[in-house]
Amino acid sequence: MKHFKSITVLSLFLMAFVACQKDNDYNQDINENSLETLPQELSLEVTEDIISLLKTNHYNVGDVKAIDFMLPDGSTEKRIQVEGDITFSKAQLESLKKIDRSSDKNYHTDNLVTPRTLSIIGYTGGSQALSSKERTALQYAVDNYNNLGLTITLSLTFGTNYQSKDMVVYYNPSGSGSGGSAGFPSNGNPNKYIQIYGLDNYSTDVNEHVITHEIGHSVGFRHTDWQTRQSCGQNTNEGTAGVGANPIPGTPEGYDPTSLMLACFSASEDGEFNANDIIGLNYLY
């Protein structure tokens, strides 16, 4: 993965299960095969059933891998990775099978977060511990959301008891390149695991940007430049992920060069939402 990768989320288009941070050659083929042909139980291997499921949900299947996904305590679990930075646990793959495609609006609603106070912890144990700079950046990121008076509030603590928390932010010492990885909400809950990596040589503001961006994905936003990945110097479409990509009223549908949710970031980021990001957040929460 290259540097200046990003993690954007807002202007904001809804999706549903995963992360960000890498330049990818996105395949726009859409397979309309019925989900009824899929087996009752999915394995975490790259099989024709997995490929079919991902295609049906409009994901690029040009580079699908079975990986060992690192958790905050250093243990790993099997996941399927697509598009370089999007990962699916077995439960998330099973959820894809259950999506009702008769109503995009319902699907959007199912993949937002139920308004409430969300617990978020900065991990401080072992080689996955956040550095002092990363902890400061996480506090700034949480403040970015709480200062807006949304219907979701983030309650931040630091430590190692992450199991009961809604979200955990931690360092991945095995991460390739610079950036972060996250997921999308499910069942009214935010994505739980937020990784950051390769940011040691960047400013606190850039760390804040990446973490704020990944939290954005975790509460239901996708990249603002999903149609082109222009911020990465590309002209590739990430696809609709089977749910559409719905512009938030009052925000631009074209390229928004200062959005915190752009797909790639630079070394000069200030870590703050722009006006359109704020409109999007207030619209949904």
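## Basis of the description

This is a predicted model, in which local features need pLDDT of at least 70 and side-chain atom pairs count only at pLDDT 80 or more, while totals for chains, interfaces and linings use all residues. Residues are numbered from 1 along each chain as its sequence is written, and side-chain values use heavy atoms, with hydrogens and water left out.

## The three-stranded sheet

An open sheet of 3 strands has the order β2-β3-β4 with antiparallel pairing (strands, E, of at least two residues, and helices, H or I, of at least four, are DSSP runs numbered from the N terminus; two strands pair if DSSP finds at least two bridges between them). The edges are taken by β2 (65-70) and β4 (86-88), each with a single partner strand, so one side of each is left without a neighbour in the sheet. Ignoring direction, neighbouring strands of this sheet are turned by 50° against each other on average.

Strand β2 is joined to β3 (residues 76-82) by 6 bridges, and the two run antiparallel. Phenylalanine 69 stands opposite glutamate 77 in β3. The two strands β2 and β3 form a hairpin with 5 residues between them, and glycine 74 in the turn has a positive phi of about 90°.

## Packing of helices α1 and α2

Two packed helices are described by the angle between their axes and the distance between the axes. For α1 (residues 48-56) and α2 (residues 90-97), the angle is about 60° and the axes are 10 Å apart (axes are lines fitted to C-alpha atoms, for helices over the stretch in contact, and angles run from 0 to 180 degrees between N-to-C directions). Helices α1 and α2 are therefore oblique to each other (angles under 35 degrees count as roughly parallel, over 145 as roughly antiparallel, 65 to 115 as roughly perpendicular and the rest as oblique).

In this packing, Ile50, Leu53 and Leu54 of α1 meet Leu93, Leu96 and Lys97 of α2 (contact means heavy atoms within 4.5 Å).

## Aromatic pairs

The structure holds 5 aromatic pairs (rings of Phe, Tyr and Trp, the last by its six-membered ring, pair if their centres lie within 6.5 Å; planes under 30 degrees apart count as stacked, over 60 as edge-to-face and the rest as tilted). In one of them, the rings of tyrosine 162 and tyrosine 193 have their centres 6.4 Å apart and their planes at 65°, so the pair is edge-to-face. This pair links distant parts of the chain, with tyrosine 162 in the loop between β6 and β7 and tyrosine 193 in strand β9, 31 residues apart.
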